Amino acid sequence: MPEDPAPSQYIHGTTAEEQSRLSLMNDLLNRAALREMGLSGGEKILDVGSGLGQLARAMARAAGRVVGVERSPEQIAEARRQALAAGEEGRVEFRAGDAPNLPLRDDEWGTFDVAHTRFLLEHVRDPAAVVRAMVRTVRPGGRVVLQDDSHDVLRVTPEPAGFGPLWTAYIRTYDRLGNDPYVGHRLVSLLAAAGAAPVHNTWLFFGGCRGAAHFDLVAENLIRILEIAGERILHEGLLEKDTLSASLEALRAWRRLPDAALWYAVSWAEGRRAG
């Protein structure tokens with residue numbers, strides 16, 4: 001069975017407001033994720049860190065059986081509520097558990113066709129242990145798909161006053177918790193070290209410009225992330241309160257510019273377990 005690493009440190013919230021924001025972000029990303037995953041139908045899938053379950057349900061619609069593992073009871077409750085509201089309560093089996101201590105029966109290890117995770121590895125202190133556990137869940141030849149962030153790829157243009165130091169301070173809240181804000185750059189290496197031969201890596205674009213229909217959504221998402229992180233930024237002494245407030249205000253003004261643009265991409269890597 002998998003080893004027990006240091007606990008994960010999740011810096012985002014699980015309030016109803018935060019869940020609503022995450023739901024909207026999931027909707028934007030899921031189409032690209034499903035396109036890249038290219039499910040053929042009939043796969044047995046494990047979704048590690050399934051969150052609100054929207055991608056898990058979408059994978060189930062495209063493939064078949066999905067087991068979603070999530071640590072947060074608030075997220076599981078909301079995932080089940082959303083599934084029920086959509087008439088899809090039977091598509092995904094949500095289980096409480098913390099990676100890599102996956103809540104699988106002995107006869108389930110090594111039986112999944114696909115093991116997937118998104119935005120989890122950046123929040124754990126030992127991402128290598130999580131990926132090793134995921135590799136053990138899939139059959140020989142099974143796929144392990146990792147999606148995660150490398151926060152240094154973000155650009156906002158024209159750059160608002162104070163945004164560089166603000167974003168750097170946000171990144172530092174990750175490493176102060178023992179997490180890796182650049183883990184997206186390591187996904188291929190993590191797969192190889194865990195015994196899954198890397199076969200594909202790419203980016204999923206996540207951004208937009210002022211004239212795009214979804215721009216207000218992605219801009220608000222960025223602002224809310226930084227507002228929520230503000231308390232920790234101040235607690236860690238990474239910025240002064242006045243500097244933080246001024247930087248956030250400049251960012252709010254930026255979103256109204258006619259040439260405002262946000263450039264970001266989610267790292268994607270896939271490996272296959274040796275036969």
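Where does valine 67 sit in this fold? Valine 67 belongs to strand S2, residues 66–70, where helices (H or I, at least four residues) and strands (E, at least two) are DSSP runs numbered from the N terminus. Before I go on, please keep in mind that this is a predicted model, in which local features need pLDDT of at least 70 and side-chain atom pairs count only at pLDDT 80 or more, while totals for chains, interfaces and linings use all residues. Residues are numbered from 1 along each chain as its sequence is written, and side-chain values use heavy atoms, with hydrogens and water left out.

Let me stay with valine 67 for a moment. Its relative accessible area is 1%, so it counts as buried; that word means under 20% relative accessible area, with exposed being over 50% and partly exposed in between, for a 1.4 Å probe and protein chains only. Setting aside neighbours within four places in sequence, valine 67 is in contact with Ile45, Leu46, Asp47, Glu93, Arg95 and Phe112, contact meaning heavy atoms within 4.5 Å.

Moving to the sheet, we have an open arrangement of 7 strands in the order S3-S2-S1-S4-S5-S10-S7, with mixed pairing, and two strands are said to pair if DSSP finds at least two bridges between them. The edge strands are S3 (92–96) and S7, each of which pairs on one side only, and the twist averages 15° from one strand to the next. S1 and S2 pair in the parallel sense over 4 bridges, with isoleucine 45 standing opposite valine 66 in S2, whereas S5 and S10 run antiparallel and are joined by 6 bridges, valine 145 having glutamate 270 of S10 as its bridge partner.

In a regular strand the side chains alternate between the two faces of the sheet.

Which helix is mostly covered, with 8 of its 11 residues buried? That is H4, residues 127–137, and its covering includes strands S1 (45–48), S4 (112–118), S5 (138–148), S7 (196–205) and S10 (265–273), together with helix H6 (187–194).

Now to the helical pair. The axes of H7 (residues 215–235) and H8 (residues 241–254) come within 10 Å and cross at roughly 175°, which makes H7 roughly antiparallel to H8. Axes here are lines fitted to C-alpha atoms, for helices over the stretch in contact, and angles run from 0 to 180 degrees between N-to-C directions; under 35 degrees counts as roughly parallel, over 145 as roughly antiparallel, 65 to 115 as roughly perpendicular and the rest as oblique.

Finally, the interior. A nonpolar core is a set of buried Ala, Val, Leu, Ile, Met, Phe, Trp, Tyr and Cys residues joined through side-chain atoms within 4.5 Å. The largest such core has 49 residues, of which Phe163, Trp167, Tyr170, Leu222, Leu226, Ile233 and Trp254 touch the most other members. H7 gives the largest share of this core, 9 residues. Apart from it lies another core, of 28 residues, among them Leu46, Phe112, Leu190 and Ala196.
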